[in-house]
Amino acid sequence: MSSSALAVSDRLRATSRARHAKDRALMVLAWAALVVAVVPLVAIAWFLVEQGVRSISLEFFTSDPPGDLSASGGGIRNAVVGTLLMTGLATLIAVPAGIALAVFAREIGGRVAGSVRFVVDVLAGLPSIVVGIFVYSLVVVTTGHFSGLAGAVALAVIELPVIVVASDELLRLTDRRIDEGTRALGMLRWRSFLSVFIPTALSGIITGVLLAVSRAIGETAPLIFTALGNNFFTLDMNEPVQAMPLLIYRNALNSAFPAARDRAMGTALVLVVIVLAFNLMGRWIARRARPADQR
Amino acid sequence: MTTTPIRLQPPPVEPAPVVSVSAASHNAKMLEPAELSVELSGVNAFYGSRRVVRDISLPVRSNAITAIIGPSGCGKSTLLRCINRMHELTPGAHVEGRIEYHGIDLYAPDIDPVAVRRTIGMVFQQPNPFPTMSIHDNVAAPARFNGLIAGKAAEHDLVERCLRQAALWDEVKDKLKAGGTSLSGGQQQRLCIARALALEPDVLLMDEPCSALDPIATLQVENLMVELKRDYTIIIVTHNMQQASRVSDQTAFLTMGDDRAGYLVEMADTVEIFTNPRQQLTEDYVSGRFG
């Protein structure tokens, strides 16, 4: 073997050893980061299931809580129904408004759209208790009483920025070529959005909406002085309405009583399962909304 | 929907002109006004204050294929987009000069740009079928939205007629419900042509329609263009000189001036441009010595 060939092979070995070491170190770091991220997640899930599952029974979903929260028995029917009603109404308000805002921002462009985006970002960063105060003075003070409607408006304000941001991103991603296609076919702008852009972005918009719903469903602060909470079952959105986070909050505050503590844990578990269900549903819908060849 | 279709005045009925290629006579280039479909005079196009197209006058014959050739960046596409008023959609862009369609000034204040685009169809470089729509709906929807057709039967007839015109029917007739983007590139481009035809335009603008296609698909689209010129006036922008010489009847050669704006070097019957150009620049370009 010639000396130059030896030198080349040495160089090759040295380089590859150093690089392999770096490679391995980074892999270890990546795994460590994964563990750091996953451990709390698994721990919370395990804690919730372990602590909450013993409260779960048919009665838990079909009856309302006892008047005295230290008493055992009863369920959370009023809170589950209240949460679904308020979140549903909030979504009905926030989705059209959010998509309309995103369409507006995309269509107008320029400085106006910039300020719309800025305001929406600020809104997204607003502490939720501030949203509560705002809706309190807007709805509760005006109507003179707490109500499920006020709670829904507060949740709609929470959902709005999430929906706008998701829709805006997706509509901006809509291919410029598709946009030109609709123009060249003499399609009017509202028609292009309704029939081409929004359907194209639909799977992403649905994901955004479900993210917004998941976020709103767990909000407590905006409901404290809007929906207020209610120990009784009601479908009347003009009355104070109970919600699951409010029920968790009240019961967890009194966790010295085992019954209250268990009720809080059970409700927390149900809440997490509902959020998870919304997420899975969103993924499923999003996959179905995509054209066949992109699935 | 109650939208009444806004249409420009229908073009005057006239017999398809016999395209006589008399290369010897320069007078052959002086076209009779009656033969013209679109006529550009002194057109300038701007992005902001920057002029990208300078003083172009172009007579476009009816029922013929007019090719616009020239090096990259010489304003070919911009010029094409002036004709159906797409250029002005770019923020800050505007057009000066006069563009007439059968004698009607397309930039007159009472002309609706949306109606112009319905009458003067356009096919783009990249096929752009609507991704969430089926093959059927890609053709039918724009016509439906424009109020040109109503009812399932009428839609079906229209879809079949346009897909046949675009030489795509036999390939897709059994899968009309499949997504428009599930087709191959060449098929997608013919679908886009069918979609444009569904609005019953009179002029078809094609902006490098074959540059994203393979040679076989290119040939299919070229054959299609020759078929279509019986019923339509076609203006095609192309980088491909062989394509221009194969399909077009008249050719306009543009190039970029010192001011970086595109201008018209020469326009004549295609045969003449490729065999006997009057300008040295044209000669150099078509023989591949420049550009």
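Here is a chat about how a few labels were given in this predicted model.

Biologist: What makes R54(A) and D262(A) a salt bridge?

Modeller: The closest N and O atoms of R54(A) and D262(A) are 3.7 Å apart. The cut-off is within 4 Å, for a side-chain nitrogen of Lys or Arg and a carboxyl oxygen of Asp or Glu, so the pair gets the name. Between domain 1 and domain 2 of chain A, the count is one salt bridge.

Biologist: How do you know that domain 1 and domain 2 of chain A touch?

Modeller: Contact means heavy atoms within 4.5 Å, and eight residues of domain 1 of chain A are in contact with nine of domain 2. About 700 Å² is buried between the two domains, with carbon and sulfur atoms giving 68% of that. On the domain 1 side, L48(A), Q51(A) and S55(A) lose the most area, together 66% of what that side buries.

Biologist: Why is L228(A) called partly exposed?

Modeller: Its relative accessibility is 29%. Buried means under 20% and exposed means over 50%, so L228(A) falls in between. L228(A) sits in the loop between α9 (221–224) and α10 (244–253) of chain A.

Biologist: What is the phi of L228(A)?

Modeller: Near 70°, a positive value in a residue other than glycine. D55(B), in strand β2 (residues 50–61) of chain B, isn't a glycine either, and its phi is positive at about 50°.

Note on methods. Residues are numbered from 1 along each chain as its sequence is written. Chains are lettered from A and ligands numbered from 1 in the order in which they are written. This is a predicted model: local features need pLDDT of at least 70, side-chain atom pairs count only at pLDDT 80 or more; totals for chains, interfaces and linings use all residues. Side-chain values use heavy atoms; hydrogens and water are left out. Buried area is the accessible area (1.4 Å probe) that two parts lose on being put together, summed over both. Helices (H or I, at least four residues) and strands (E, at least two) are DSSP runs, numbered from the N terminus. Buried means under 20% relative accessible area, exposed over 50%, partly exposed in between (1.4 Å probe, protein chains only).
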